[in-house]
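Student: I have just opened this structure and would like a friendly walk through it. Could we take it one question at a time?

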Amino acid sequence: TELNEQVMALGGFLQELGRFDEAASTMDVALAGFDRLRAADPDNPDLVMRQSHGLYVAQLCAHRSNHPDRCRHLVTRLVEEIGGFLKTHPVDSLPQATGSLLTKNVGLGLGQLARLAAAEGRLEEAVGHALAQRALCQTFLETLPSDAIDPVHKELIDAGLHVATLLLQAGRDDEAAAAVEQAATTARFLYDSRPRVFDNAYLIGWVSWMRGDIARRQGDAAAAAAQYEQPIAVLTPWT
């Protein structure tokens with residue numbers, strides 16, 4: 001396991017240097033090692049976490065080295081294999097940190113599948129992947145106490161706004177507006193809980209900007225302008 005971690009760390013470092021093909025080859029070695037370990041101990045959540053991280057980094061290498069088919073293969077593995085583990089091991093039976101990380105990584109994989117589909121013109125498929133990401137995050141958060149704060153809250157907001165963006169591209173403005181408002185509820189919860197965290201303020205601003213875009217598309221210039229002013233007001237204290 002430690003050797004695989006070191007190989008994966010090397011792959012990540014090569015990626016940071018922009019040596020994406022070398023990084024991809026290095027990540028292949030790490031993933032092969034994790035596959036062997038998982039085959040011997042398939043229900044070990046620690047191994048699943050490490051493998052999920054390896055798959056995510058590997059698909060980034062493939063994406064940045066302009067190998068879309070390789071990227072899609074790795075993301076599909078991430079969604080199917082790690083998502084399959086979550087289906088057979090309910091998140092409320094796992095430590096919160098484990099369930100959170102696995103949910104985040106599978107969600108990121110679904111988001112990447114949505115982006116790949118949208119880039120290739122398959123908009124309905126993209127919407128489906130983004131909706132699946134949002135549902136996955138929502139399902140995990142429903143296992144937590146109502147006042148708990150988890151990194152998956154941010155992933156839920158990101159997924160919701162991604163859904164809204166794709167729906168706008170498809171001309172489904174009313175559904176997009178509903179998706180923004182759903183994301184807004186979570187963004188407001190985070191901001192009210194921790195208003196001094198920059199990311200929480202940024203998410204509030206992003207929601208307002210999306211509301212402005214929808215109002216502008218609907219021909220309400222005054223409402224759009226009012227929404228566009230909100231990010232400035234919220235983020236000014238950090239400038």
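Student: In which loop does Asn 66 lie?

Tutor: Before we look, note that this is a predicted model, in which local features need pLDDT of at least 70, side-chain atom pairs count only at pLDDT 80 or more, and totals for chains, interfaces and linings use all residues. Residues are numbered from 1 along each chain as its sequence is written, and side-chain values use heavy atoms, with hydrogens and water left out. Helices here are DSSP runs (H or I, at least four residues), numbered from the N terminus. Asn 66 sits in the loop between helix 3 (45-64) and helix 4 (68-88).

Student: Is Asn 66 buried or exposed?

Tutor: Its backbone deserves a glance too: phi of Asn 66 is near 60°, a positive value in a residue other than glycine. For accessibility, buried means under 20% relative accessible area, exposed over 50%, and partly exposed in between, with a 1.4 Å probe and protein chains only. Because its relative accessibility is 62%, Asn 66 counts as exposed.

Student: Which residues does Met 8 touch, not counting residues up to four places away in sequence?

Tutor: Met 8 is found in helix 1 (residues 2-16), and its 5% relative accessibility is why it counts as buried. Contact means heavy atoms within 4.5 Å. With residues up to four places away in sequence not counted, Met 8 touches Met 27, Ala 30, Phe 34, Arg 50, His 53 and Gly 54.

Student: How far apart in space are Met 8 and Pro 231?

Tutor: In sequence, Met 8 and Pro 231 are 223 residues apart. In space, C-alpha to C-alpha, the distance between Met 8 and Pro 231 is 38 Å.

Student: Which residues is Gln 51 in contact with, leaving aside its neighbours within four places in sequence?

Tutor: Gln 51 lies in helix 3, and it counts as buried because its relative accessibility is 2%. Leaving aside its neighbours within four places in sequence, Gln 51 has as its contacts Leu 31, Phe 34, Asp 35, Arg 38, Arg 77, Glu 81 and Ile 82.

Student: Which backbone oxygen does the side chain of Thr 103 reach?

Tutor: Thr 103 has its place in helix 5 (residues 96-119), and at 1% relative accessibility it counts as buried. Leaving aside neighbours within four places in sequence, its contacts include Leu 86 and Leu 136. At 2.7 Å, the side chain of Thr 103 reaches the backbone oxygen of Gly 99.

Student: Which residues are closest to the centre of the largest pocket?

Tutor: On a 1 Å grid over the protein atoms alone, a pocket is an open set of points with protein on both sides within 12 Å along at least five of seven lines, while a cavity is a set where a 1.4 Å probe fits but cannot get out; lining residues have an atom within 4 Å of a point. The largest pocket has a volume of about 250 Å³. Among the 13 residues that line the largest pocket, the closest to its centre are Gly 83, Leu 86, Lys 87, Val 106 and Leu 136.

Student: Which helix gives the most to the lining of the largest cavity?

Tutor: About 40 Å³ of space lies in the largest cavity. Its lining is made up of Arg 134, Leu 156, Gly 160, Ala 179, Gln 182, Ala 183 and Thr 186. Helix 7 (151-169) and helix 8 (173-193) each supply at least two residues of that lining. With four residues, the one that gives the most is helix 8.

Conventions
Grid points are joined across faces, edges and corners, and a volume is the space filled by probe spheres set on the points. A polar contact is a pair of N or O atoms within 3.5 Å; within protein, one must be able to donate a hydrogen and the other to accept it, and residues adjacent in sequence count only if both atoms are side-chain atoms.
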